[in-house]
Amino acid sequence: AAIASGTVEACLHPLHPRAGDCVFIPAGTVHALGAGLLVAEIQQASNTTFRLFDWNRVGADGKSRPLHVEQALEVIDFSSGPREFQVPQATSQPGRERLVACDKFIFDRLVGQAAATVAGDGRFHYVTAPRGQVVLSSDAGWREELRAGESVLLPAVSPRLDVSLAGDGVLLDMYLPN
């Protein structure tokens, strides 16, 4: 079944993000990304997307990508929305703010020049430097420098790592809840 763009668009709540904004979009929430956005997206490894409308885009083969209207209607959470920007919450660690905490993951942002740490808690951490330079280092001499756009997966056996943010550096820290 085909859906006209005006039909889908009229049902969406528009947000106009700026660099650093965070929106939590739980599974089952209809959403779309506008042109020109670069996002850090955390999702389960299902790689399942049901398209209601594809904004007249085409795939690599030059043909319209398939729509999945019936499947999408089965999984949409009609009570989810409208979504708003997350308000960062302070944590017990200076320079670390909580953006999202749910049953699936925790998403923190480290900013500023405060002494901060990641890992060392028996959980794997996926860290990304969306801006600036970030240095991760251990007491044992391990050191990794992340530049803007780079990420690293820290195994659950990783020791506590010190985080050094240069200038306007930012580190996103994503990990599982206890």
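Which residue in E3 is the bridge partner of Arg98? These close-ups of a predicted model take you there strand by strand.

**View 1. Strands E1 and E2 meet as an antiparallel pair.** Strand E1 covers residues 89-90 and strand E2 covers residues 96-101, with 2 bridges joining them. Look for Gln89, which stands opposite Arg98 in E2. The hairpin of E1 and E2 has 5 residues between the strands, and in this hairpin Gly95 takes a positive phi near 85°.

**View 2. Strand E2 also pairs with strand E3.** Here is the answer to our opening question: Asp108 in E3 is the bridge partner of Arg98. The two strands run antiparallel and are joined by 5 bridges, with E3 spanning residues 106-110. Between E2 and E3, 4 residues complete the hairpin.

**View 3. Strand E3 runs antiparallel to strand E8.** Follow Asp108 across to E8, where Asp173 stands opposite.

**View 4. Strand E4 is another antiparallel partner of E8.** This pairing involves 3 bridges, and E4 is made up of residues 116-118.

**View 5. Strand E5 lies antiparallel to E8.** Residues 125-137 form E5, and 10 bridges join E5 to E8. A handy landmark here is Arg131, standing opposite Val170 in E8.

Technical notes: Residues are numbered from 1 along each chain as its sequence is written. This is a predicted model: local features need pLDDT of at least 70, side-chain atom pairs count only at pLDDT 80 or more; totals for chains, interfaces and linings use all residues. Side-chain values use heavy atoms; hydrogens and water are left out. Two strands pair if DSSP finds at least two bridges between them.
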